[in-house]
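The sequence and the structure come first.

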Amino acid sequence: MSQPNRLKTGGRVDRSRQLTFTFNGQRYQGHPGDTLASALLANGVDIVNRSFKYSRPRGIVAAGAEEPNGIVQLGSSEAGQVPNVRATQQALYQNLSARSTNGWPNVQRDLMGLVGKLGGQFMPPGFYYKTFMAPASMWLTYEKYIRKAAGLGRSPTENDADIYDHRHQHCDVLVVGAGPAGLSAALAAGRAGARVILVDEQEEMGGSLLSSRESIDDAPATTWAEKVLKELSALEDVTLMPRTTANGYHDHNFVTLHERCTEHLADIAPHVGGRRQVRSRMHRVRAGQVVLASGAHERPLVYAGNDVPGNMLAGAVSTYIRRYGVVPGNRLVLATSNDDGYRAALDWSEAGREVVAIADARQNPDGELVEQARAKGIRVIAGSAVIEARGDKRVAVAKVAKIDIEGFKVSGPVEELACDTIASSGGFSPVVHLASHTGSRPTWNEELLGFVPSPVKGMTPTGGAHGVYALGKVIADGFKAGSAAGEACGFERQDASLPKVDERREGAAVALYQVPHQKATLRGPKQFVDMQNDVTAAAIELATREGFESIEHVKRYTALGFGTDQGKLGNINGMAIAARCLGRTIPEVGTTVFRPNYTPVSFGAIVGRHCGELFDPERYTAMHQWHVENGAEFEDVGQWKRPWYFPQKRRAENGERLETMHEAVARECSAVREKVGILDASTLGKIDIQGPDAREFLGRVYTNKWAKLAPGRVRYGLMCKDDGMVFDDGTTSCLGENHFLMTTSTGGAATVLEWLEIWHQTEWPELDVYFNSVTDHWATMTVTGPEARKLMAELTDIDLDKDSFKFMDWHEGNVAGVPARVFRISFTGELAYEINVQANYAMHVWKKLFAHGDKYGLTPYGTETMHVLRAEKGFIIAGQDTDGSVTPEDLGMHWAIGYDKPNSWIGKRALTRPDTKRTDRKQMVGLKPKDPSVVLEEGAQVVFDPNHAIPMPMKGHVTSSYYSPTLQSGFALAVVKGGHQKMGETVYLPMVDGQVHEAEIVSPIFLDPKGERQNV
Amino acid sequence: MFYIFCPYCGEHREEEEFHPKGQAHISRPADPEATSDEEWGDYLFFRDNPRGVHHELWVHAVGCRKFFNITRHTVSYEILEVYKMGEQPSITAEHYAAQQGAASADKERNASQAKHQEGVRA
């Protein structure tokens, strides 16, 4: 038989169908209904991995999310690689291909294991830090090899072939976990009429019922589960979601659910009807009430050699036998501190295999299950424990001895029992992870020997999640929780009609975390607490001896509960050991904080559809298609795609080539300065301001005066925050007595609108004024250069005479037959007309301009040329030449400051604070490199004395720097301490490569300081 | 992620629709020129950072664009009330402490909480 550990009958697998899969290149068989773990155990595969730090062989320990060892790499192709998969949670499918994540050259013969064996004594906690820290410069080299040796899987090198979804949902009651408590809770809330979402991380709903020995209403527990699920699926407002993990519990009952839609079918989602299916889906659920029915994890006992393959959780042994029809060994020794562990021995014995003995830590075990075991003739050794497991690649011997729990010592002779499996149970730890995500620390319950969730508003724990374990009580407790949750959402309370479950007489459990050994913990063989991170009891003891007293520090020093494991199996034992070493109680030591996600989530599910072209919206202007067709290179400005420059073809030695940016910009600049250029300026923010108090409002938010701006006129304005620092600038035009149009920088549009609103709504609500964004409604094209007027004259009915349409005027009329507003504002220093038309007419106007513009040499230019042209004129870009620490005075723009305005505008008061009045503040100046071929680096630091010892006092920095084809020289804008008083002085700019550039401080206006070119 | 009731829209909406704008009820001095540098500096730069009840200004940025106030507990993140601009909170730190003090015997913690609420300058 190919599956030596598979039982002939029993369990929920379909033996009529075979599934073939490979593990580490070896072919095996399993059945539908198997997990990868159950199939491996059925095939007698003992070693599934090598451990993280010591490279010890490891086998399957658990049957669910708490599995620390069975972490595999999935995927039959490169694109389908999935790291970090728990074999215990992965459904088996045909041709599944899995590999161990650790172990070199392979898990059976591991060379790293030698390091673990020989070096084991020499690898205490903090080993890497202590050993490899010096010299610090070598750490990166060490780290590379350490990481390679200790991986937890790898990401695919090819692009993910799969697609992922997000879904936003609301519900009245979200029930997490579909075991007896969750099913019962969903039933109560569903019957009441609440919108219920019931999620469960497993392939099949039912939780512990799927492997239970108990009867409900005199039938197998699974029958009841099926009945409830049938009733739930018939309820219209109940959504059942298997294969879905509630991974994060966030503020105000916001829960993220990770639904795995096709991971049980293949590593890459299959096609259905020609379309690729969604691989997994992230549900973002806002729940009225959350019922936490996440159950409890069994705690293993911590004894020497407890990580040798063949050491398992007692509950997991039962699950493999009862749910999957797999007995993971032949000869069992059970170590337990409670009655529940006995189920494993009973199931094992009923499966026809030998139970060697039960080592029960209690002096007088007398529960019902204990009696059943004794009745079967199983040897029960009271007051004892397995103190050590022996074996190389599989358990061979269990060393059992009487122990004194109080005294933490072995109190009797050691008996060696031959066996191949040791099951252990140290009781249960409620799964409090989700409840802790919200920041509430769990509370220790001495009676339950576990942490239970502390109150979270809108959340009710039920069943095992808060320490109710007896099946009948769990079902009743779930019903009560579901009914109460429904009631809290406004639905009627439900009367429970609970099924009949026989109560079991149970003996009290005893608290046992670390089992004593003959040798002291620090000298004895390794006792593992956290197997995923290879943390031993000795490591925790050492950490406490080295002065780590806070459990959070112990965690970080030893890596206890780190990573993808999040302390599912080891946390409580680890805290208990820390408490013992520190001479404190567990509640005094406290618990660490669990964080989302509960189990690993693929990045694809987090990202959803927000990748590739859907990563962020792209905004296009009305003329975008023309830019594309005319070969524009684009620059991202916020979400906008703006033409950066328009490279043209040039003749070259062998055919044609495209201009470089430098060449294109030189050509575009000359066109504007000598002929006429055109810029798509549609992205500038435009805010329509209306109301009787609009003018008054402008006077308060701008630094300059607005009282007398007449309709038809335009004014430049600076906006400050109340700390006196410039944050945006732009022009505002008076459209009518109560109507203005404000322009903002492209990136500042939304910020400025919110700025206006906050002042209006919170500070000056009495002002009658309204703001609306009209950025997208109007397209803007700037026609600028000496020939601009001639070109405009061919296309508009507006009188362009220089005396009737002056600089800083705006006129309404038609351009190319389309209603337009034309503004004579200039960001280039040349004669300029900014044509604003309704966006949907813009392409027509743009093309008309080119149809007429050819003879004038009309040249499209992009943002790079715009920057050169504006910087030559000393025009600032807010956010580039300013950084939130620059006042209007620092910019030398006294002309734009209305100190004598009647109201105290925003920023005014701050301009007289001692710090803003300083004369040695960084002030804006121009810099002219002594060598005209030098283009200074933006951000380069300015120093006054290049021979000063390092660190040199830094006196300023370059904010904008370009090469000017007009000046035939590099030039820059900069802020320099006391710069306004240093005209003509030389400053130095030391560069990274050792060069030191020299530059002269000059006026920031490099071209046409009197503004004659724009004012024609 | 918060679930916020917008008092203008009259509906609960996801936090993604809102922007927080800092501490509420910071009133700008009526006559800024009459303030001393210290008073102006206080207005500009100093904000409370309480452990407990906090009044905050928020804006329904991609909704109705209205500003409003939220009273929020900075430990539990519970939103205790929302109210429109120009209105006063009905739940304050003192009121909340009194309520909690009556409900639980944990008076000592409330006292230390009150101490924290005096702000960073204390």
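## Cysteines

The sulfur of Cys9(B) has its closest cysteine sulfur in Cys64(B), 3.7 Å away. A disulfide requires the two sulfur atoms to be within 2.5 Å, so this pair is too far apart for a bond. The model is a predicted one. Cys9(B) is partly exposed, and its relative accessible area is 31%.

Cys611(A) is also partly exposed, with a relative accessible area of 44%. For the sulfur of Cys611(A), the closest cysteine sulfur belongs to Cys261(A) and is 16 Å away, too far for a bond. Over all chains, the structure holds 0 disulfides.

## Nonpolar cores

The largest nonpolar core comprises 57 residues. Phe21(A), Phe23(A), Leu36(A), Tyr320(A) and Ile358(A) have the most contacts inside this core. Beyond its neighbours within four places in sequence, Ile358(A) is in contact with Leu334(A), Thr336(A), Tyr342(A), Ala345(A), Ala373(A), Ile378(A), Arg379(A), Val380(A) and Ile381(A). Another core, of 34 residues, lies apart from the largest one; Ile687(A), Leu756(A), Leu767(A) and Leu57(B) are among its members.

## Chain B

Chain B contains 3 helices and 6 strands. Along the sequence, these elements follow the pattern β-β-β-α-β-β-β-α-α.

Of the 122 residues in chain B, 38% are buried. Among chain B contacts with a separation of 6 or more, 51% are between residues 24 or more positions apart. Chain B exposes about 6900 Å², and carbon and sulfur atoms supply 49% of that area.

Terms used:
Residues numbered from 1 in each chain as written. Chains lettered and ligands numbered in written order. Predicted model: local features only at pLDDT ≥ 70, side-chain atom pairs only at ≥ 80, totals over all residues. Heavy atoms only, no water. Helix = DSSP H or I, 4+ residues; strand = E, 2+ residues; numbered from the N terminus. Buried < 20%, exposed > 50% of the residue type's maximum accessible area, 1.4 Å probe, protein only. Contact = heavy atoms within 4.5 Å. Areas by Shrake-Rupley, 256 points an atom, 1.4 Å probe, with all protein chains shown as cover. Core = buried A, V, L, I, M, F, W, Y, C linked by side-chain atoms within 4.5 Å.
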